[in-house]
Amino acid sequence: MRKPVGWSSFDVVRLVKKLVAGGKVGHAGTLDPFAEGVLLVCTGSETRNISVLVDAPKEYRGRMRLGVTTDTLDISGVITEEKRCAPLDREQVCEAARRFVGEVEQVPPSFSAIHIGGQRLYKLARAGAPPTPAARRVVIHNLEVLAVADNRIDFVVSCSKGTYIRALARDLALVLGTVGFLSHLTRTRIGAYLLQDALEVTALPQYIESERCR
């Protein structure tokens, strides 16, 4: 499926569950509501493959803004800090980006679905006193800077399960001497599943009906 901006991953699951009239439905890899792109949805006996699909490497195309950050580290959050950003050229950003390729320690965002003490971290963050989550090892297979202009960086990244692209944007901004947040994110691939092959949610009813008639 191609999850649109504004939908949660569970919104897509609920739609599929409604259209297939019951049965098991699940997704492999949460995509935040502000993001769009590939979301693997499994039904029936295929749900037992979710744990395998979740482990597949993922690719994203993103845009980050420098000089300002938010509490969620994305465009849906509240601005928490502004910091002057010196003019940067593409080579400076590429050099900083290379530091993140390979196995790296990453601290997840406070607004994330990680469980701490039996509660989701984002719920603790909304309550105003989120604990700092422990850093964890993730793998950045490739990080390519596509464009740098007007405090904006466009990039493509491929990475392992568990990588937060919002945290990557935060950390890259810090290396560049400022703050930043993710303003746009598209997941373009999970394993062998590509964005260009994904089904739009608006096309799902007709697709399911055609499958029933086969």
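**Salt bridges, core and buried contacts**

Colleagues, I begin with Arg14, which is exposed, its relative accessible area being 53%. Throughout this talk, buried means under 20% relative accessible area, exposed means over 50%, and partly exposed lies in between, computed with a 1.4 Å probe on protein chains only. The model before you is predicted: local features need pLDDT of at least 70, side-chain atom pairs count only at pLDDT 80 or more, and totals for chains, interfaces and linings use all residues. Residues are numbered from 1 along each chain as its sequence is written, and side-chain values use heavy atoms, with hydrogens and water left out.

Let me turn to the charged pairs. How many salt bridges does the structure hold? There are ten, a salt bridge being a side-chain nitrogen of Lys or Arg within 4 Å of a carboxyl oxygen of Asp or Glu. One of them joins Arg14 to Asp11, with 2.6 Å between the closest N and O atoms. Both residues belong to helix 1, residues 9-19, and stand three residues apart, about one turn of the helix. Helices (H or I, at least four residues) and strands (E, at least two) are DSSP runs, numbered from the N terminus. Asp11 is partly exposed, at 26% relative accessibility.

A second pair is Asp154 with Arg63, whose closest N and O atoms are 2.7 Å apart. This bridge links distant parts of the chain: Asp154 sits in strand 12 (residues 152-159) and Arg63 in strand 5 (residues 58-66), 91 residues apart. Is Asp154 buried or exposed? Asp154 is buried, with a relative accessible area of 14%, while Arg63 is partly exposed at 32%.

I move now to the interior. In soluble globular proteins, nonpolar side chains tend to be buried together. A nonpolar core here is a set of buried Ala, Val, Leu, Ile, Met, Phe, Trp, Tyr and Cys residues joined through side-chain atoms within 4.5 Å. Which members of the largest core touch the most other members? Of its 29 residues, they are Met64, Leu143, Val157, Ile165 and Leu182. Two or more residues each come from strand 5, helix 3 (90-98), strand 11 (136-149), strand 12, helix 5 (165-175) and strand 13 (180-190). Helix 5 provides the largest share of this core, five residues.

Contact means heavy atoms within 4.5 Å.

Next, helix 3. Its buried residues are Val93, Cys94, Ala96 and Ala97. They lie on the same side of helix 3 because they cover an arc of only 165° around the axis, the arc being that of the directions from the helix axis to the C-beta atoms. What covers them includes strand 11, strand 12 and helix 5. At the start of this helix, a side-chain oxygen of Asp89 comes within 3.1 Å of the backbone nitrogen of Glu91.

Three further buried residues complete the tour. Where does Phe111 lie? Phe111 is in the loop between strand 8 (102-106) and strand 9 (115-116), and counts as buried at 18% relative accessibility. Phe111 and Ala125 are 14 residues apart in sequence, with 6.2 Å between their C-alpha atoms. Beyond residues up to four places away in sequence, Phe111 touches Asp71, Thr72, Tyr122, Ala125, Arg126 and Arg166.

Thr186, in strand 13, is buried with a relative accessible area of 3%. With residues up to four places away again excluded, its contacts include Glu36, Glu59, Tyr60 and Leu195.

Finally, Val156 is found in strand 12 and counts as buried at 17% relative accessibility. Under that exclusion of residues up to four places away, Val156 touches Glu59, Tyr60, Arg61, Asn142, Leu143, Glu144 and Leu146. The C-alpha atoms of Val156 and Leu185, 29 residues apart along the chain, are separated by 9.7 Å.

How values were computed:
Polar contact = N/O pair within 3.5 Å; in protein donor to acceptor, adjacent residues only side chain to side chain.
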